[in-house]
Amino acid sequence: MATTAKNKLVQWDPTDIKAELLAKYPPKVARKRAKQILINEAHGNETPEILANVRTIPGIITMRGCSYAGCKGVVLGPTRDIVNITHGPIGCAFYSWLTRRNQTDPGPDGENYMTYCFSTDMQDSDVIFGGEKKLRNAIQEAYDLLHPKAIAIFATCPVGLIGDDIHTIAKQMKEKLGDCNVFAFSCEGYKGVSQSAGHHIANNQLFRHIVGENDEEKPGEYKISLLGEYNIGGDGFEIDRIFKKCGITNLATFSGNSTYDQFASAHTADLIAVMCHRSINYVADMLGIKYGIPWIKVNFIGAESCAKSLRKIAQYFDDKKLIDRVEEVIAEEMPAVKAAQQEILPRTEGKTAMLFVGGSRAHHYQDLFSELGMKTISTGYEFAHRDDYEGRHVLPNIKLDADSRNIEELEIEPDATRYKPRKTTEEIKSLEKSGLNFKHYPGMNTEMDKGTLIIDDLNQYEAEKLVEIMKPDIFCAGIKEKYSVQKLGIPMKQLHSYDSGGPYAGFKGAVNFYKEIDRLVNSKVWSYMKAPWQENPQLSAAYVWE
Ligand code: CFM
């Protein structure tokens, strides 16, 4: 029998589920994992504490990636006109090459290196005798072939272990080449406990080597820079379409569909809109301190959230023309969204979802599911920090451990000539009074129901257990989880790469998502995962002595 909303009414006690997840672990492991499995009591600000951004216990099959992935793949990967050279064995370069489905528009200049996979292809002998010469040659070769405006070098684990001095090489090559910015990232895979470390390393070097290079005034009104949107499956295209329609000028996206010049000019915007807080909040903070640009949190996943975020931007600029235009755009876009929603909702209402993704989508996508009348019963991040769960107000209380201290914290000061507060203190205060919060992210937990299970750094074993016990109508995670979940007879949607779908952001994206989820949760195929005799045993027998 296919699972229906009705037989879902079996209520589990979250305490029992938690105990069941921990039951198989040795006591020491169970104690640590217990702090990462939270039974949500969130409402208002009384968020219980969760243990996050700590090392995965060796032996546990984590869903996480590495620091190199966070730096090269996530933050720098979507920029089309920087030649990204992976200094390391070829596998690191190959598996971080476009698998994230970050799309780009090659632009009028056609300068797009994303279709190439650049690597020094380190061999055993390079590990033994050093890879610096090879790296120097690779930079020269890339320059001679393509004459790019920038070359970025990314360190992989062996490079850190043998001590190749990538920063000195970058500096020397930059001087030698003259018209090409060369910079390097010490983002060895082991640098942190997850890809989150790589985000921070990428943020620092982008800020140090590119941001602020181009002061030229760009045309357009209502200038913003959008941080933490990576154009997966074309999300950024849809968001830019909406901005354009509203008359909002997006100078720079970090880093979906971006160019070198966008990073270089990002500081000329009047507002920073932060979509994925986890991956890029460092740049947002630094832009504020150095140039005086305030940042607000936005979310374009979910039609309602999209409308809300546009209204926030309009509220910030406080200009009637923009406020009216945003309302017109919302009014124009919403009917198609509502029509799709009304058609699909009766088939999705009451169904349940589990979301275990990265460091922001497990939160953002709950809005799309609630628009479908679906409830998120369990969720978690792979590598987010406590502030992403509990809200930024916990930041002063987060104890820095050795792993976090390992990552450089840039000391930023107001720029001597270019620091220009975009709003006066009074203006900021009055905007805050009217409900616009700056440098504020409430985190995921406060927006989730009481009793839901919030699990940090979920692993393979726990994922299967959770699915077996709670039987969600859909499970959302990544490729590593896809097939094991499907084998349990549960539809699975990849929320990293979107499988082959998208965009899911903005208004058109919402409609795409509704259709996709409708198709997945109402497909009969999952009920065939059990052989007939597993459902209805035809034969039964008893031992003669019974
Ligand atoms: Fe931000 Fe991302 Fe995410 Fe992320 Fe990622 Fe990603 Fe993600 Mo995969 S930047 S934290 S490191 S929203 S690649 S586009 S889907 S884990 S939830």
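Modeller: Keeping in mind that this is a predicted model, I would begin with F254, which touches L206, V211, L226, L227, G228, E229, Y230, F263, A266, I280 and V283, leaving aside residues up to four places away in sequence.

Colleague: And how many residues are in the largest nonpolar core?

Modeller: The largest nonpolar core has 110 residues, and F254 is among those with the most contacts inside it, together with F185, F300, L310 and F507. Apart from that core lies another one, of 25 residues, which includes L21, I455, A463 and M470.

Colleague: Which residues line the largest cavity?

Modeller: Its lining consists of R33, Q36, R55, T56, I57, I60 and D457, and by class these are two nonpolar, two polar and three charged residues.

Colleague: What about the second largest pocket, what is its volume?

Modeller: The second largest pocket takes up about 920 Å³ and is lined by 36 residues, with H385, L395, I398, L400 and S404 lying nearest its centre. The elements that each give two or more residues to this lining are α9 (195–209), α12 (277–291), α16 (386–390) and α17 (402–405).

Colleague: Which element gives the largest share of that lining?

Modeller: That is α12, which contributes six residues. By class, the lining of the second largest pocket has 15 nonpolar, 10 polar and 11 charged residues.

How values were computed
Residues are numbered from 1 along each chain as its sequence is written. This is a predicted model: local features need pLDDT of at least 70, side-chain atom pairs count only at pLDDT 80 or more; totals for chains, interfaces and linings use all residues. Side-chain values use heavy atoms; hydrogens and water are left out. A nonpolar core is a set of buried Ala, Val, Leu, Ile, Met, Phe, Trp, Tyr and Cys residues joined through side-chain atoms within 4.5 Å. Buried means under 20% relative accessible area, exposed over 50%, partly exposed in between (1.4 Å probe, protein chains only). Contact means heavy atoms within 4.5 Å. On a 1 Å grid over the protein atoms alone, a cavity is a set of points where a 1.4 Å probe fits but cannot get out, and a pocket is an open set with protein on both sides within 12 Å along at least five of seven lines; lining residues have an atom within 4 Å of a point. Ala, Val, Leu, Ile, Met, Phe, Trp, Tyr, Cys and Pro count as nonpolar, Asp, Glu, Lys and Arg as charged, and the others, Gly among them, as polar. Grid points are joined across faces, edges and corners, and a volume is the space filled by probe spheres set on the points. Helices (H or I, at least four residues) and strands (E, at least two) are DSSP runs, numbered from the N terminus.
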